[in-house]
Amino acid sequence: MGIFPLPVLWLWACSVLAQLLVLTLLFLKGNSRKLPYFTAYVTLNICQAGFLVFVYTHVWSDPDTPKTLAWTSECVTLIVQALATTEILEITLRPYQGIWGLGWRALTVTSGIAVLLVALAARSYWALARWFELDRGYHLTFASALIACLLLVRYYSIPVPSAYKLLLGGFCFYSCTEIMVNTLLQAYFQNDFFRHAAVWQLSTMSSFVVALVVWAAALRKPLPVEDRRLASTSDADYQRLSPEINEDLRRLNEKLLRLWKLEAREQ
Amino acid sequence: MNSTLLLLIGFAVLMLLLLVWVLRDPRKHAKPDGDLGSTDELCQRHVSYFPQLRQALAAEDFVFLSSRGSPQLARRMRTERRKIALAYLSCLRGDFLKLWRLARVIASMSPQVGVAQELARLRLGMAFSLRYEMIRIEFLFGFAPLPELGSLSDVVSRLSIRLETAMNNLGERAALAAKLASSLDDGHGLDTR
């Protein structure tokens, strides 16, 4: 573990303690049953910390092995992170079947666009910083997809319990700070940013600790049970009403446009 | 720092700002006219005041004042008319926003939502807001023709009636669902978790 400076080790210890606190809250308040994937994500993070201790204390014949193993373990954690977020979104949008369907499509489209942009942005750095680019690309895709879903929730005025808001906010905050930190380091240290690993670890771990504190605050009470029963309209109602309303709104817009043009002409 | 990196930082900052905006409680920051309000309130729409407004803004009064050679009074009347028209336009916008939100509520309660329909409504709402602002600016510098304002009111009025019918249907369905839920809870409770 001598490869890391003392502040990084301290922060790492704090992060593990915060993760243990979140896990304890999940089990004590009975939230682990409501959020199995989120519980798995926190557990996996703790296991990853143990795995990394082993990886960095062991002597490897190939010096690149610890880095590859560490990043591979990160990949697994990130996949579970995506599942945990989808789980929370699904709980929030479960009573709104139509909007959940729309949310899935929004997730697919935004993720597709983000992956394309990431591929374009990373093409010149790929050979140099493969893992780094993958990590940033993932967080970019994750943050944009999550924000797209949250915008959808906001647009349709869907009430989200504050605990779920905090959980989603923690994920999004962590991803956004990861993008910023990765990009700023790349910008300031150019091709030498691997030599400043301690700075990168300090900044990313700090943002993760902030996210953990937010999650602990969200989980200090049992999560509300989502048992809303909506008076749903039939599909036929929507199919009939929606085009009619849109047509009226379109007419209203035309009137406004005509009013504006006429007014401009008369001046 | 190259443009790609700048773009990435800008994107991350934008995401953080959007996060703060989407997570804050909309009820705490909602404008009073943006509320859906009760059905009674919906019935008392601003469009219903259009006949009074038309009377107050009648061109005959203006011609009469001009013919009597009182330009100062005519100018004052023009300014006051402008203020009234602006207030009326603002009220119409409030009505539009309420109705637009009602349309979204109907969509959110539907088991299936059409992407094309929703995108079209979003586009219409944005276009309305943009045009409203343009017209408002025009009103500030001139005076819009009254007949056009009238036809605008007719459209809002029609839209209002259609949505009120839809809301009544929804109300009936809500009552039915509540009745069904309570009858299920009385017997073997329905676990919706």
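**Entry 1. Two helices of chain A**

I began with a pair of helices and noted that H7(A) and H8(A) are roughly antiparallel to each other, a label used for angles over 145 degrees, whereas angles under 35 degrees count as roughly parallel, 65 to 115 as roughly perpendicular and the rest as oblique. The model I am reading is predicted; local features need pLDDT of at least 70, side-chain atom pairs count only at pLDDT 80 or more, and totals for chains, interfaces and linings use all residues. Residues are numbered from 1 along each chain as its sequence is written, and chains are lettered from A and ligands numbered from 1 in the order in which they are written.

I looked up the geometry behind that label. Helix H7 of chain A covers residues 162-189 and helix H8 of chain A covers residues 197-218; their axes come within 8 Å and cross at roughly 175°. The axes are lines fitted to C-alpha atoms, for helices over the stretch in contact, and the angles run from 0 to 180 degrees between N-to-C directions. Helices here are DSSP runs of H or I with at least four residues, strands are runs of E with at least two, and both are numbered from the N terminus.

Which residues make the contact? On the side of H7(A) I listed several, among them A:Leu166, A:Gly170, A:Phe173, A:Glu178 and A:Leu185. On the side of H8(A) the list includes A:Trp200, A:Thr204, A:Ser207, A:Phe208 and A:Trp215. Two residues are in contact if their C-beta atoms, placed from the backbone, lie within 7 Å. By class, I found 16 nonpolar, 6 polar and 1 charged residues in the contact of H7(A) with H8(A). Ala, Val, Leu, Ile, Met, Phe, Trp, Tyr, Cys and Pro count as nonpolar, Asp, Glu, Lys and Arg as charged, and the others, Gly among them, as polar.

**Entry 2. A:Glu178**

I then turned to A:Glu178, which lies in helix H7 of chain A. Is A:Glu178 buried or exposed? A:Glu178 is buried, because 23 other C-beta atoms lie within 10 Å. A residue is buried if 20 or more other C-beta atoms lie within 10 Å of its own, exposed if 12 or fewer, and partly exposed in between, with C-beta atoms placed from the backbone. Leaving aside residues up to four places away in sequence, A:Glu178 touches A:Arg136, A:His139, A:Thr204 and A:Ser207. I also checked A:Lys221: from A:Glu178 it is 43 residues apart in sequence and 28 Å apart in space, C-alpha to C-alpha.

**Entry 3. The nonpolar core**

The largest nonpolar core has 74 residues, and A:Ala143, A:Leu146, A:Cys149, A:Cys172 and A:Cys176 touch the most other members. Such a core is a set of buried Ala, Val, Leu, Ile, Met, Phe, Trp, Tyr and Cys residues joined through C-beta atoms within 7 Å. I followed A:Cys176 and found that, residues up to four places away in sequence not counted, it touches A:Ala143, B:Ala12, B:Met15, B:Leu16 and B:Leu19.

A:Ala106 is found in helix H5 of chain A, residues 97-122. It counts as partly exposed, because it has 17 C-beta neighbours inside 10 Å. A:Ala106 and A:Ala145 are 39 residues apart in sequence and 7.4 Å apart in space, C-alpha to C-alpha.

**Entry 4. A loop residue**

In the loop between helix H6 (130-155) and H7 of chain A I found A:Ser157. A:Ser157 has a positive phi of about 50° although it is not a glycine. With 14 C-beta neighbours inside 10 Å, A:Ser157 counts as partly exposed.

**Entry 5. The two chains**

I recorded 9 helices and 0 strands in chain A, and 8 helices and 0 strands in chain B. Of the 267 residues of chain A, 34% count as buried; of the 193 residues in chain B, 24% are buried. Among contacts between residues at least 6 apart in sequence, those joining residues at least 24 apart make up 78% in chain A and 84% in chain B.

**Entry 6. Confidence**

Finally I looked up pLDDT, the predictor's confidence in each residue, from 0 to 100. Chain A averages 81, and 79% of the residues score at least 70. The mean for chain B is 67, and 52% of its residues reach 70 or more. Where is confidence lowest in chain B? It is lowest in helix H3 (residues 39-43), at a mean of 44, and highest in helix H1 (residues 3-23), at 86. The pLDDT is below 50 over residues 32-43 of chain B. The model scores ipTM 0.76 and pTM 0.71.
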